[in-house]
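Student: Please show me how to read the features of a protein model, one at a time, with the general idea before the case.

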Amino acid sequence: MFLLKEVKYKNILNIKSLNIKQYKVTCIVGESGSGKTTLLRLLNKLISCDSGEIFYNNQPLTDINPIELRRNVVMLPQVPPIFKGSIKDNLLIGLKFSKKPLASDNQLYDVLKLVKLNKKLNQDAEKLSGGEKQRVALARVLLMKPEVLLLDEPSSALDEDTEHMLIDALVNYTKENGKTLIMVTHSKKVANEFSDEIIEIKEGMVIN
């Protein structure tokens, strides 16, 4: 699905060759500052490599319109934005931005259940805890039904038990719906338990 060849970005990443497979759960691990988030941002075309090539479904990323790409390849940053208004407003805003049909309240409650968040749609999103905001943002991404989910530490604000439940639900969603999940995680335990493939990055390079 993604193929990287001789990709360099500043003094942060230097990847000779990397193949990230479709329909798999791929975890990216490594020390803080090793380049994990930078790799995700390259895949979503939020930044562009200084040299080398990145392909998505055999097509060079340079040939793909960034807006079109981000409808299919959606990234959730580690500290995702929460907008003023209710939980419902926050869930629907991604669909509005991407000009996709809006979801019904029942669909919104279903996706909240998926991310293990038992809240009413009319609650003020800004008054939620950090972990709850993270899950609202994740639910917003899931509603967009992208081909690829790029998640940067999606459970960093959660306790271990909630993290396990959430990642388990995410992996099941990925498998059942024929999606591709690429996830940065600080937890080797999560990577070992849930991933099909593990990419370890050290000082900007992929360790085999």
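Tutor: We begin with the labels: helices (H or I, at least four residues) and strands (E, at least two) are DSSP runs, numbered from the N terminus. This is a predicted model, in which local features need pLDDT of at least 70 and side-chain atom pairs count only at pLDDT 80 or more, while totals for chains, interfaces and linings use all residues. Residues are numbered from 1 along each chain as its sequence is written, and side-chain values use heavy atoms, with hydrogens and water left out.

Student: How does the length of helix H5 compare with the span expected for it?

Tutor: The expected span of a helix is 1.5 Å times one less than its number of residues. Helix H5 runs through residues 130-143, which makes 14 residues, and from its first C-alpha to its last it reaches 20 Å, close to the 20 Å expected at 1.5 Å a residue.

Student: How many of the residues of H5 are buried?

Tutor: Buried means under 20% relative accessible area, exposed means over 50%, and partly exposed lies in between (1.4 Å probe, protein chains only). By that rule 12 of the 14 residues of H5 are buried, so the rest of the structure largely encloses this helix. Among the buried residues of H5 are Val136, Leu138 and Val141, and also the charged-type names Glu132, Arg135 and Arg140. Contact means heavy atoms within 4.5 Å, and what covers the buried residues of H5 includes strand E6 (73-76), H3, H4, strand E7 (148-152) and H6.

Student: At what angle do the axes of helix H3 and helix H4 cross?

Tutor: Axes are lines fitted to C-alpha atoms, for helices over the stretch in contact, and angles run from 0 to 180 degrees between N-to-C directions. The axes of helix H3 (residues 87-97) and helix H4 (residues 105-114) come within 11 Å and cross at roughly 95°. That makes H3 roughly perpendicular to H4, where angles under 35 degrees count as roughly parallel, over 145 as roughly antiparallel, 65 to 115 as roughly perpendicular and the rest as oblique. On the side of H3 the meeting residues are Ile87, Lys88, Leu91 and Leu92, and on the side of H4 they are Asp105, Leu108 and Leu112. Sorted by class, this contact has five nonpolar, no polar and two charged residues, with Ala, Val, Leu, Ile, Met, Phe, Trp, Tyr, Cys and Pro counted as nonpolar, Asp, Glu, Lys and Arg as charged, and the others, Gly among them, as polar.

Student: How many salt bridges does a search of the whole structure find?

Tutor: Side chains of opposite charge can pair when their charged atoms come close. A salt bridge is a side-chain nitrogen of Lys or Arg within 4 Å of a carboxyl oxygen of Asp or Glu, and the search of the whole structure finds eight. In one of them lysine 175 pairs with aspartate 196, the closest N and O atoms being 2.6 Å apart. Lysine 175 lies in helix H6 (residues 160-176) and aspartate 196 in the loop between helix H7 (188-194) and strand E9 (197-202), so this pair ties together parts that are 21 residues apart in sequence. Lysine 175 is partly exposed at 41%, and aspartate 196 is partly exposed at 36%.

Student: Which residue forms a salt bridge with lysine 16?

Tutor: The partner is glutamate 6, with the closest N and O atoms 3.9 Å apart. This pair links strand E2 (residues 13-20), which holds lysine 16, to strand E1 (residues 2-9), which holds glutamate 6, across 10 residues of the chain. Lysine 16 counts as exposed at 53% relative accessibility, whereas glutamate 6 counts as partly exposed at 43%. Glutamate 6 also has a positive phi of about 50°, although it is not a glycine.
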